[in-house]
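These are my notebook entries on a structure that I looked through, element by element. I begin with the strands and end with the charged pairs.

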Amino acid sequence: MGESMQGMHRSHRCTEVSSQNISETVTVMGWVQKRRNLGSLIFIDLRDRSGLLQIVFDEDSVGAEGFAKAGTLRSEYVVAVTGTVNKRSAAVNDNLKTGDIEVIAKSLRILSESETPPFPIEADSQTKDELRLKYRFLDLRRPDLQRNLMMRSKVASLIRRFMEKEGFLEIETPMLQKSTPEGARDYLVPSRVHPGKFYALPQSPQLFKQLLMCSGYDRYIQITKCFRDEDLRADRQPEFTQIDMELSFVDAEDVMDVNERLLQYVFKEAVGADIKLPLPRMPWQEAMDRYGTDKPDTRFGMELCDVSETVAGCGFGVFTGALENGGSVRGINIKGQAKMPRKKIDKLVEFAKGCGAKGLAYLCVNEDGTYKSSFAKFMSEEELSALAEKMEAQPGDLLLFAADQNKIVWNVLGALRLEMGKELGLIDENKYHFLWVTEFPLLEWSDEEQRYMAMHHPFTMPMEEDWDKIDSAPGEVRAKAYDIVLNGTELGGGSVRIHRNDIQEKMFEVLGFTKEKAWENFGFLLSAFQYGVPPHAGLAYGFDRMIMHMVHADSIRDVIAFPKVKDASDLMSEAPEAVDGRQLEELGIALREAER
């Protein structure tokens, strides 16, 4: 049974006590991390969100009853202790913020007892994720997770402080809104009052923030929840937090400028990183050609090399076949790895197949300048030498090639480059490499839909100089879109929006929307556009991803208090769950028997 706190007030958190407080009386409260009983003395490490503090119980200062009570303490009991701060009598612990002091207890109250926890409450837990997430309320007591969530809170404050100075207003947009078909799958919410009708949870506040610009609010920001009913990955959750912004009377340069300064300020204040401005920029096409991805990790080299021209007339059908089908042949040079065992090369071939390749060709440049290759018999010595030269190969290098449609080649080599970068230890985890990727294609062809889809969303402004190609070569039109990339992760993305009705209507036409369909889905936005709309542009960051990089977490789950797992369920609360039949009846919903 727990005692009451009546009359007791906490004076300090555990690590707020320091050598400045020696001989003062303090009251601290928290959880027992561990207890050591030395017979005449009992030591406990007391833990709260700030850290650990050593408490010493001896019978002279705490009394016989208090000393006996201290002997009953176990891990995770919640206690309140009043005592005197002393210099440590035993060895100083340099690993602890409070390692040079201890508190000699005068009184002890056990506020709450605890069962033995299912796993130890400690940093860098080795406990299986499933168990930790089932008992997330205990997992969240771990000091590393607490540090992550405190960092998250701090960064949110820094962002608000900076943006307020820049003239941004924080405005909330609705969580219950209309379902719009472009983009990922919506989470739907049935309406009781309007039977058979549904709200959607927002995938982003996109339309509403554009309306706020139409309404004259000029600069808007919101740190807000968004929802997507899609398959999850390590850095994806069904609900996530976005730092969302929109600005009026601006072009891309203005948005990039304010965001560069925001990132510089936040990363300096939060993690002490010095970010040099202006941040580097790279057009989308260059990013794809050099790194095989539109979110390149620029902390290491091993860039892709297009060897299509070099192998154009060779006798290797895999290469020439890809070129005849309008594809390309590209390679990466893995320096000093020519001696890689065949078994390991085979593993890389399997990896490439997993990324969509039909296979992977390799060429080893031996130390003596000779070649070992999977395609040597199809090419002459001169052709092999020309290929090695184009790849800037030295003796001892391993060259890997993919030949297929560009999309597949980029995907395969981009993924392979990252895999080898990690495996060979080429990536400096302490660096923050930011990069703007610009000039994205406005549209991308969807084989599934058999039509062009907006690469970002249907309200993205095309680059004026490409607009005349919208009918003849829609795939070549570039957008006024920009992504901010950090260490190979897309941290945020944005664009200049279409504020002209004629361009917006044409855009819908190219995307296969009839005028009626466009008005049916986006009528309230198109209506607002008839009443004087300012040029506007915006950007949104994945807040969880940003924090994940700041604290060097392996998973986005380590920076979210109560995350979901791979199948979008919550192991702790057991959501989603079946609901009472009465609730469904009120909503006019009948469930079909699941087909076995």
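Is strand β4 (residues 78-87) mostly covered or mostly uncovered, and how many of its ten residues are buried? I found β4 mostly covered, with eight of its ten residues buried, where buried means under 20% relative accessible area, exposed over 50%, and partly exposed in between (1.4 Å probe, protein chains only). Strands here are DSSP runs of E of at least two residues, and helices are runs of H or I of at least four, numbered from the N terminus.

Before going further I noted that this is a predicted model, in which local features need pLDDT of at least 70 and side-chain atom pairs count only at pLDDT 80 or more, while totals for chains, interfaces and linings use all residues. Residues are numbered from 1 along each chain as its sequence is written, and side-chain values use heavy atoms, with hydrogens and water left out.

I then looked up the partners of β4, taking two strands as paired if DSSP finds at least two bridges between them. Strand β1 (residues 25-37) pairs with β4 in the antiparallel sense over seven bridges, and Val-28 stands opposite Val-81 of β4. Strand β5 (residues 101-112) also runs antiparallel to β4, joined to it by ten bridges, and there Ile-101 is the bridge partner of Lys-87.

Next I turned to the backbone, keeping in mind that most residues other than glycine have a negative phi, and most peptide bonds are trans. Asp-124 has a positive phi, near 50 degrees; I located this residue in the loop between β5 and α2 (129-134), and it counts as exposed because its relative accessibility is 58%. His-552 likewise has a positive phi, of about 55 degrees, although it is not a glycine, and it is found in the loop between α14 and α15. With a relative accessible area of 43%, His-552 is partly exposed.

I recorded a cis peptide bond between Leu-277 and Pro-278, with omega about -5 degrees, and placed Pro-278 in the loop between α6 (252-271) and β11 (281-283). A cis bond also joins Ala-575 and Pro-576, with omega about -5 degrees; Pro-576 lies in the loop between α14 (543-550) and α15 (581-586).

How many salt bridges does the structure hold? I noted 44, a salt bridge being a side-chain nitrogen of Lys or Arg within 4 Å of a carboxyl oxygen of Asp or Glu. One of them joins the side chains of Arg-47 and Glu-76 (2.9 Å, N to O). Arg-47 lies in strand β2 (residues 41-48) and Glu-76 in the loop between α1 (59-70) and β4, so this pair ties together parts that are 29 residues apart in sequence. Both Arg-47 and Glu-76 are buried.

The side chains of Asp-297 and Arg-299 also meet in a salt bridge (2.7 Å, N to O), and both of these residues are buried. I looked up Asp-466 and Arg-478 as well, which form a salt bridge with their closest N and O atoms 2.6 Å apart. Both lie in the loop between β19 (451-454) and β20 (481-486), twelve residues apart. Asp-466 counts as buried because its relative accessibility is 4%, whereas Arg-478, at 26%, counts as partly exposed. Finally, I noted that salt bridges with shared partners join Asp-129, Arg-132, Arg-136, Asp-139, Arg-142, Asp-144 and Arg-557 into one network.
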